[in-house]
Amino acid sequence: MTAFPPVPRAEGVAAPLLRANVDTDAIIPSREIKGVGKTGLADGLFAAWRYTDPVARVADPGFVLNDPRYAHAPILLTGENFGCGSSREHAVWALHEYGVRAVIAPSFAPIFRGNCIRNGIIPVMLAEPIVRAIAAAEGLIAVDLIARRVEAGDASYPFEIDAEARAMLAEGLDGIDLTMRHRDAIAAFHAADRAARPWIYLRPQP
Amino acid sequence: MPEPRTLFDKLWEQHRIAHLDGEDLIAIDRVFLHERTGAVALRSLAASGRRVADPARVFAVTDHIVDTRPGRTGTLMPGGDAFLSATREETRAAGIRLFDVDDPDQGIVHVISPELAIVLPGTTLVCPDSHTCSQGALGALAWGIGSTEAEHAMATGTLRLARPKTTRVTFDGVLAPGVTAKDMALTLIARFGAGGGQGHAIEFAGPAVRALDIEARLTLCNMATEFAAMSGFVAPDAKTIAYLEGRRYAPTGADWDAAVAAWRDLVSDEGARFDREIGIDAADIAPMVSWGISPQSAVCVDDAVPELPDSGLGVEGYARALDYMGIAAGDRLTQLPIDVAFIGSCTNSRLSDLRRAAAIVAGRNVAPGVKALVVPGSSAVRRAAEAEGLDRIFTDAGFEWRMSGCSLCFYAGGEGFAPGSRVLSSTNRNFEGRQGPGVRTHIASPETVAASALAGHIADPRTVSR
C-alpha cells in the first residue's frame with residue numbers, strides 16, 4: 001500500500017519565504033489544530049502571517065502566499081532551520097494539503113524533515129546563496145528527486161538525499177510495510193535483548 | 001584493545017537491528033503519547049488495521065490542553081474535548097496505560113516519565129513531542145518524533161533513522177550563585193545559534209553538568225531541541241541511579257542489580273572521538289533572558305537589546321524581532337515592564353524549580369498589575385510543593401497556584417494573555433504567537449521570572465536577597 005501520492009518530481013512556481021527559523025507554530029498555530037485528524041488544516045497554514053485577522057480570515061496582502069503568483073505554490077523556498085519547534089506533524093499535513101510538494105531550504109529541523117519524508121514533501125537542502133538564486137530565477141522550477149537536482153531557468157543544482165528517504169518519497173512507500181520486511185531480524189533482536197535486558201520488557205501494570 | 005566509543009555509539013549500537021540503505025533500523029524501548037498528537041497516531045494505526053506490538057511499553061498522558069485551574073474537569077480549549085475523549089477511547093482499545101486528568105500521577109509527559117522511572121538509562125524513548133529530549137538527562141536516548149513515526153514505533157517496535165553526528169558540549173568550572181541549567185542552555189544556543197546542533201546528538205559533559213542534580217539536567221537536555229539537535233543526554237551516574245531507585249516502573253530485585261551493572265558502562269570511553277567538541281566555562285555564564293523571537297536571541301539579563309551586527313540575525317529578521325517584541329536596540333532589558341510572570345512547562349516546573357523561585361518570592365509581593373502564575377509540572381510535584389508550604393508562599397505573594405499541565409506554555413485557545421502583553425516565562429519558546437496572538441514572550445529561569453514578578457519589570461535574580 002502507498003502512504004501518500006508518490007513525488008518523484010515537483011514542478012511549478014516556488015514561493016519565496018526567505019526567513020530563518022520558521023517554526024511549526026508559525027506553519028500551523030496550535031489554535032488552528034481543531035480536530036483529531038490529519039485534514040482540514042490548509043486554511044490555517046501560516047495563519048498568523050497570512051491573515052491580518054486570523055479569526056475572520058482577512059488576508060494580509062503583504063504575505064507571499066497571498067500574492068496571486070504564489071497561491072498554492074507546489075514549492076516553497078525558505079531559510080535555515082525550517083520547521084523548528086514543536087514536533088506537530090500537522091505542519092507537514094497543512095503544507096501538503098495546501099499543495100506544497102517540495103521545500104527548499106539551507107537546513108531543516110530534524111523532526112520536521114522526517115515528517116516531510118513520511119508525507120510526500122521533498123525536503124531539499126541547498127546552500128543559502130543557491131536558494132536565493134532560485135528565488136531570483138524567472139519561471140517554473142522543478143525538483144527532480146530521481147536525478148537529485150533542482151532545475152531553475154538555465155541552472156541546475158544537485159542536492160543530496162539518502163537512498164531510503166528518496167525511495168519512500170518517489171514510490172510513496174509506507175514505512176511500516178517497509179520495516180516489516182525485516183520482521184525476522186526484529187524478532188531475533190527482541191529475543192536476544194529480552195535475555196540481556198529483561199528490565200526493558202514491562203508487564204502490563206496498573 | 002577495543003576502539004573507544006562514545007556514549008552515543010553504545011546506545012545506538014545496542015539498539016541497532018539492521019543496516020538499511022542510508023539508515024539504520026533502531027529498536028525503540030518506550031513510546032509515550034499525549035492527547036494532542038497521540039490520539040491521531042492511534043486512530044490512524046487502527047484505521048490501517050495494525051496494532052500496537054507491545055502495549056505494556058507504551059504510555060499516554062493528558063497534559064497539553066487540560067485546564068490547569070483548580071477544580072478542573074477537562075479542557076478550556078474549544079473543541080478540546082474531542083482530543084481528550086479520542087485519547088481515552090484509543091488508549092483503552094489499544095491496552096495502553098493512560099494517566100488521565102484526575103490520575104494522581106498525571107502531569108507533563110517529560111516530568112512524569114522520569115518521576116515514574118518510565119525512562120531508564122540506556123533506553124530508547126520516543127514521543128510525538130519535540131521536548132522528549134529532556135529525558136536524555138537520565139542517560140537515555142530520547143527524542144521527539146512525528147505522529148507517523150509514533151505509529152511506526154508502536155506497530156514495529158522500531159524506527160528507521162539516519163545516524164546523527166555527535167557533539168560533546170563540555171561545561172567546565174562552576175556556576176555562580178543564581179545561575180542555573182536554563183542559563184547554561186540559553187548560553188549555548190545564543191553562542192552557536194538555534195540551528196547550531198543540527199544533525200547532531202549531543203552529550204552534555206564536564207564538571208558543571210555532573211554537579212547538576214537530575215532535575216536541572218532535565219532542564220538542560222530539554223533545550224537541546226531549541227538547538228535543533230536530534231537529542232541531548234547526560235551519562236548516568238550515582239545521582240541517576242539514586243534518583244530512579246524505588247520508583248514505580250523501575251526494575252526491582254535481580255533485574256535492578258543487573259540494570260545498574262549495565263548502566264555503569266554507559267559513559268563515553270576515554271579517548272572516544274566526537275564529530276565536534278564545544279567547550280564553555282560555566283563561570284562565564286550569567287542569568288540569561290531572551291529579547292527576540294528565537295531562543296538564540298538571548299543575552300545576560302543585565303545587558304541591552306543588541307545592535308544589528310551583534311544580533312546574529314539578518315537585517316529583516318532583526319527588524320522583525322524588534323517590531324514584534326516592541327523594543328529597540330539599546331533598551332536595557334531590566335527596564336522593560338512586564339504584564340505576566342509564568343512559571344511552568346516541561347523545562348522548569350519541577351520541585352527544585354519551584355523551591356528556588358519560592359526562595360525569592362518568600363515574604364514579598366507581586367508588583368501591582370502583574371498577573372503571576374505557577375503551574376507545577378505534575379500532580380506529584382504539586383502535592384510535594386504543598387506539603388512543604390510552597391503554594392502558600394506563592395499565593396501569599398499574589399501568584400495563582402494551578403493544577404499540573406502544559407498550560408500557557410503555548411496558546412491553544414480558551415485561555416490566553418492579551419495581545420501585546422509582555423510575558424516573562426520559564427518555558428522554552430519565545431516564538432511569535434507562541435503564548436497567544438501578539439503576545440511577547442521572554443524566556444528565562446524560574447528565579448529570573450520570580451524576581452521580575454516582584455519588580456514589575458525584567459529583573460536580575462541576583463539583586464534579590466534571599
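Where is the place of Ser407(B)? Select Ser407(B): the residue lies in the loop between strand 17 (400-401) and strand 18 (422-425) of chain B, where helices (H or I, at least four residues) and strands (E, at least two) are DSSP runs, numbered from the N terminus.

Before the tour continues, some conventions apply. This is a predicted model, in which local features need pLDDT of at least 70 and side-chain atom pairs count only at pLDDT 80 or more, while totals for chains, interfaces and linings use all residues. Residues are numbered from 1 along each chain as its sequence is written, chains are lettered from A and ligands numbered from 1 in the order in which they are written, and side-chain values use heavy atoms, with hydrogens and water left out.

**First stop: two residues with positive phi**

Stay with Ser407(B). Its phi is near 55°, a positive value in a residue other than glycine. Most residues other than glycine have a negative phi. Ser407(B) has a relative accessible area of 9% and is therefore buried; buried means under 20% relative accessible area, exposed over 50%, and partly exposed in between (1.4 Å probe, protein chains only).

Next, select Ala117(B), which is found in the loop between helix 4 (109-115) and strand 6 (124-127) of chain B. Phi of Ala117(B) is near 60°, again a positive value in a residue other than glycine. With a relative accessible area of 1%, Ala117(B) is buried.

**Second stop: a strand in chain A**

Move to chain A and select residues 75-78, which form strand 5. Both faces of this strand are covered: Ile75(A) and Leu77(A) on one side, and Leu76(A) and Thr78(A) on the other, are all buried.

Two strands pair if DSSP finds at least two bridges between them. Ala14(A) has Ile75(A) as its bridge partner in strand 5 of chain A.

Over all chains, the structure holds 47 salt bridges. A salt bridge is a side-chain nitrogen of Lys or Arg within 4 Å of a carboxyl oxygen of Asp or Glu.

Select Glu226(B) and Arg429(B), which form a salt bridge with the closest N and O atoms 3.0 Å apart. This pair links distant parts of the chain, 203 residues apart: Glu226(B) is in the loop between helix 8 (214-222) and strand 11 (231-233) of chain B, and Arg429(B) is in the loop between strand 18 and strand 19 (440-443) of chain B. Both Glu226(B) and Arg429(B) are buried.

Turn next to Asp302(B) and Arg462(B), whose side chains meet in a salt bridge (3.0 Å, N to O). They too link distant parts of the chain, 160 residues apart, with Asp302(B) in the loop between strand 14 (298-300) and helix 11 (308-311) and Arg462(B) in the segment after helix 16 (446-455) of chain B. Asp302(B) is partly exposed, at a relative accessible area of 32%, and Arg462(B) counts as partly exposed at 38%.

Then select Asp353(B) and Arg356(B), joined by a salt bridge of 3.1 Å, N to O. These two are three residues apart in helix 13 (residues 351-361) of chain B and so are separated by about one helical turn. Asp353(B) is buried, with a relative accessible area of 2%, whereas Arg356(B) is partly exposed at 25%.

**Last stop: where chain A meets chain B**

Display both chains. The contact (heavy atoms within 4.5 Å) takes 59 residues from chain A and 79 residues from chain B. The buried area between them is about 5,300 Å², of which carbon and sulfur atoms give 56%; buried area is the accessible area (1.4 Å probe) that two parts lose on being put together, summed over both.

Seven salt bridges are counted between chain A and chain B. To view a salt bridge between these chains, select Asp25(A) and Arg434(B), whose side chains meet at 3.0 Å, N to O. On the side of chain A that touches chain B, the elements giving two or more residues include helix 3 (90-98), helix 4 (110-117) and helix 7 (175-180) of chain A. Helix 7 of chain A gives the largest share of that side, six residues.
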